[in-house]
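Here are my notes on the model you sent over.

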Amino acid sequence: MPVQYSGIIDEHNAVRQRAGIFDISHMGEILVAGPHAGDALNHLLTNDVRRITVGQAQYTFLCNDAGGVIDDLIIYRLEPTVFLLVINASHIERDFAWLQSHTPVPVFFDNQSDSTAALALQGPEAKRYLPIDLPPFHITRCDIAGKTCWVARTGYTGEDGFEIICNAGDVVAIWEHFLAASVMPCGLGARDTLRLEMCYPLHGNDLTEETTPLEAGLGRFVALDKPDFIGRAALLKQKQDGVTRRLVAFTMTEKSPPPRPHYPLLAGGVRVGEVTSGTLSPTLGIGIGMGYVTTSAKNLAVEIRGKPYTAAVVTKPFLKKSP
């Protein structure tokens, strides 16, 4: 096994078994405020912002008129009329422009991505390293290493954990604080294997502007019962008509190279889709992946370098989330 992937396995296991801290500076932060901020965000996003109170968080989508996913994000309600959006960094400028240009009422937007930094503390023992008792999917202010931060009990690893958002100039002190506490640093390779074992989608792979939340099996984050929002008409029609393809999870059932994005998925020798995410699962020790298919068949094959390897469609996620 290549040394590089061996290191990813070590980092992956550190998060699953205790706690690991890793840089998530690939996120962007946008502050949204004003008397009409909640109404504006309810028009822009698929989930119902009215359901979250001050201090709560919510997973949601920014969609285009066709229901395609421009980005997936977490929204935090900091005050009654102040919200924080944590988005994918590769979409910061595009998301910021889209939000501003599609807002139906006057709202204040502040792109704070360049002035903030973010770290994630994840793992079953993560709460030992913070002086707060915070429920899941909540956010609060907290001092770490003498620096005041926003700390949210959220994450994208399938383990308990926290995301820490601070001033960019404070991040080194906070990083060194956790290193001194013997928390193991981890990287994005470990994050990718962790999120895939939980079947958490990755934008750009499993979610794109050409795929909808319903096709991805994430309809629970689309509030079709709320007033009109961007993409609602298309998503409602898709809900009524049924999807023509779906994002499935699969495991390799014979020895094979790891499945990778864009590898063809076959059923009965016919191409029915392609892999969107795939890897060797450090926890399970087998190849796992997700991909969109146009069939309900439970037995598939992944074409790897011209050769088909058998795979089975399984129930999501691959692992049960830790309590």
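1. A charge counts as sitting over a ring if NZ of Lys or CZ of Arg is within 6 Å of the ring centre and within 35 degrees of the ring normal. Arg 245 is placed over the face of Tyr 292, at 4.9 Å from the ring centre. Bear in mind throughout that this is a predicted model.

2. Now the open sheet. It has 5 strands, in the order β3-β4-β5-β2-β6, with antiparallel pairing. Which strands stand at the edges? They are β3 (57–63) and β6; each has a single partner strand, so one side of each is left without a neighbour in the sheet. Direction ignored, neighbouring strands are turned by 30° against each other on average.

3. Helix α2 (residues 37–44) touches β2 (27–33), β3, β4, β5 (82–88) and β6. The direction of α2 makes about 30° with that of β5. Helix α3 also packs on the sheet, touching β2, β3, β4, β5 and β6. The direction of α3 makes about 175° with that of β6.

4. Between α3 (92–101) and β6 (108–111) runs a loop that holds Pro 106. Is Pro 106 buried or exposed? The relative accessible area of Pro 106 is 67%, so this residue counts as exposed; the cut-off for exposed is over 50%.

5. Next, the barrel. It closes from 6 strands, in the order β12-β15-β14-β13-β16-β17, and the pairing is antiparallel. From one strand to the next, the twist averages 45°. Helix α5 (residues 188–197) packs on the sheet and touches β14 and β15. The direction of α5 makes about 125° with that of β14.

6. β14 (residues 270–280) and β15 (residues 287–293) run antiparallel and share 7 bridges. Gly 273 stands opposite Val 293 in β15.

7. Strand β10 (residues 161–167) deserves a look. Of its 7 residues, 6 are buried, so β10 is largely enclosed by the rest of the structure. Strand β7 (residues 116–122) runs antiparallel to β10 and is joined to it by 7 bridges. Strand β9 (residues 147–152) also pairs with β10 in the antiparallel sense, over 3 bridges. Which residue of β10 is the bridge partner of Ala 120? It is Glu 163. Glu 163 is also the bridge partner of Ala 152.

8. Helix α4 (residues 171–180) has a buried side. Val 171, Ile 174 and Phe 178 are buried there. Seen down the axis of α4, the buried residues fall within an arc of 65°, so they line one face of the helix. The face turned away from that side carries the exposed residues Val 172 and Ala 180. After α4 comes Ser 182, with a positive phi near 70°.

9. How many aromatic pairs are there? The count comes to 4. In one of them, the rings of Tyr 59 and Phe 221 have centres 4.9 Å apart and planes at 85°, so this pair is edge-to-face. Tyr 59 lies in β3 and Phe 221 in the loop between α5 and α6 (232–241), so the pair ties together parts 162 residues apart in sequence. Tyr 59 is buried, at 10% relative accessibility. Phe 221 is buried too, at 18%. Ring pairs also bring in Phe 61: Tyr 59, Phe 61 and Phe 221 are linked into a cluster.

10. Tyr 156 and Tyr 200 form a tilted pair, 4.9 Å centre to centre, with 40° between the planes. Tyr 156 sits in the loop between β9 and β10 and Tyr 200 in the loop between α5 and α6, so this pair ties together parts 44 residues apart in sequence. Tyr 156 counts as buried at 16% relative accessibility, and Tyr 200 is buried at 18%.

How values were computed: Residues numbered from 1 in each chain as written. Predicted model: local features only at pLDDT ≥ 70, side-chain atom pairs only at ≥ 80, totals over all residues. Heavy atoms only, no water. Pairing = 2+ DSSP bridges. Helix = DSSP H or I, 4+ residues; strand = E, 2+ residues; numbered from the N terminus. Axes fitted to C-alpha atoms, helices over the stretch in contact; angles between N-to-C directions. Contact = heavy atoms within 4.5 Å. Buried < 20%, exposed > 50% of the residue type's maximum accessible area, 1.4 Å probe, protein only. Arc of directions from axis to C-beta. Phe/Tyr/Trp six-rings, centres within 6.5 Å; stacked < 30°, edge-to-face > 60°.
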